Amino acid sequence: MADRNFQKKKRNDVRRKRRPVLIFTGEGKNNTEKQYFLSFQEQHGKYSIQFVNTGFDTDPRGMLKSMESAWKRYELSAKNGDKAYIVLDMDCNPRKVKLVKELEVL
């Protein structure tokens, strides 16, 4: 039998660009916030939206740590247009406002 030299066909060489990822975390189970932000994905489709579950943690410092670990876990990059947001209520707690201002400096 004759040897056959098969060449790999060039298919799917062009990779499409992925959509930027937006990750959100909120206080508690954040079901309301989740529905609100998912509506943007349904309407516009420009972003892939992910949520970071922090359980019932409402401490901004703990929420920031959860967000940072999710950023690394998902291998996100600002160069790709990825963004992270923490959604929390600050209007009733002056201590929380002070803590958020301290974390902004970091």
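Biologist: How many helices and strands does the chain have?

Modeller: There are 3 helices and 3 strands. Keep in mind that this is a predicted model.

Biologist: In what order do the elements run?

Modeller: Starting at the N terminus, the order is β-α-β-α-β-α.

Biologist: Which residues point which way from β1?

Modeller: V21, I23 and T25 point one way. L22, F24 and G26 point the other way. Both sets are buried.

Biologist: What about β2, how much of that is buried?

Modeller: It is mostly covered too. In β2, 4 of the 5 residues are buried.

Biologist: How do β1 and β2 run, parallel or antiparallel?

Modeller: They run parallel, and 5 bridges join them. Strand β2 spans residues 48-52.

Biologist: New topic. Where does K96 sit?

Modeller: K96 is in helix α3, which takes in residues 94-105.

Biologist: Is K96 buried or exposed?

Modeller: Buried. Its relative accessibility is 8%, and the cut-off for buried is under 20%.

Biologist: What is K96 in contact with?

Modeller: Leaving out neighbours within four places in sequence, K96 is in contact with E27, T58, P60, L88, D89 and M90.

Biologist: How far is K65 from T54?

Modeller: K65 and T54 are 9.6 Å apart in space, C-alpha to C-alpha. In sequence they are 11 residues apart.

Biologist: Now pockets. How much space lies in the largest pocket?

Modeller: The largest pocket holds about 200 Å³ of space.

Biologist: Which residues line the largest pocket?

Modeller: The lining is made of P60, L64, I86, L88, V100, L103 and E104.

Biologist: Which helix gives the most to that lining?

Modeller: Helix α3 does, with 3 residues. Both α2, residues 60-73, and α3 supply at least two residues each.

Biologist: How many of the lining residues are nonpolar, polar or charged?

Modeller: The lining has 6 nonpolar residues, no polar ones and 1 charged.

Biologist: On to the loops. Where is E75, and what is its phi?

Modeller: E75 lies in the loop between α2 and β3. Its phi is near 55°, a positive value in a residue other than glycine.

Biologist: Is E75 buried or exposed?

Modeller: Exposed. E75 has a relative accessible area of 67%.

Biologist: And where is S77?

Modeller: S77 is also in the loop between α2 and β3. S77 is partly exposed, at 23% relative accessible area.

Biologist: What does S77 touch?

Modeller: Setting aside residues up to four places away in sequence, S77 touches W71 and D82.

Biologist: How far apart are S77 and P20?

Modeller: They are 57 residues apart in sequence. In space, their C-alpha atoms are 9.1 Å apart.

Biologist: Last bit, the whole chain. What share of the residues is buried?

Modeller: Of the 106 residues, 25% count as buried. The accessible surface of the chain is about 9000 Å², and carbon and sulfur atoms account for 49% of that.

Biologist: What share of the contacts comes from residues 24 or more positions apart?

Modeller: Such pairs make up 69% of the contacts in the chain with a separation of 6 or more.

Key
Residues are numbered from 1 along each chain as its sequence is written. This is a predicted model: local features need pLDDT of at least 70, side-chain atom pairs count only at pLDDT 80 or more; totals for chains, interfaces and linings use all residues. Side-chain values use heavy atoms; hydrogens and water are left out. Buried means under 20% relative accessible area, exposed over 50%, partly exposed in between (1.4 Å probe, protein chains only). Two strands pair if DSSP finds at least two bridges between them. Contact means heavy atoms within 4.5 Å. Accessible areas come from the Shrake-Rupley method with a 1.4 Å probe; for residues, only the protein chains shown count as cover. On a 1 Å grid over the protein atoms alone, a cavity is a set of points where a 1.4 Å probe fits but cannot get out, and a pocket is an open set with protein on both sides within 12 Å along at least five of seven lines; lining residues have an atom within 4 Å of a point. Grid points are joined across faces, edges and corners, and a volume is the space filled by probe spheres set on the points. Ala, Val, Leu, Ile, Met, Phe, Trp, Tyr, Cys and Pro count as nonpolar, Asp, Glu, Lys and Arg as charged, and the others, Gly among them, as polar.
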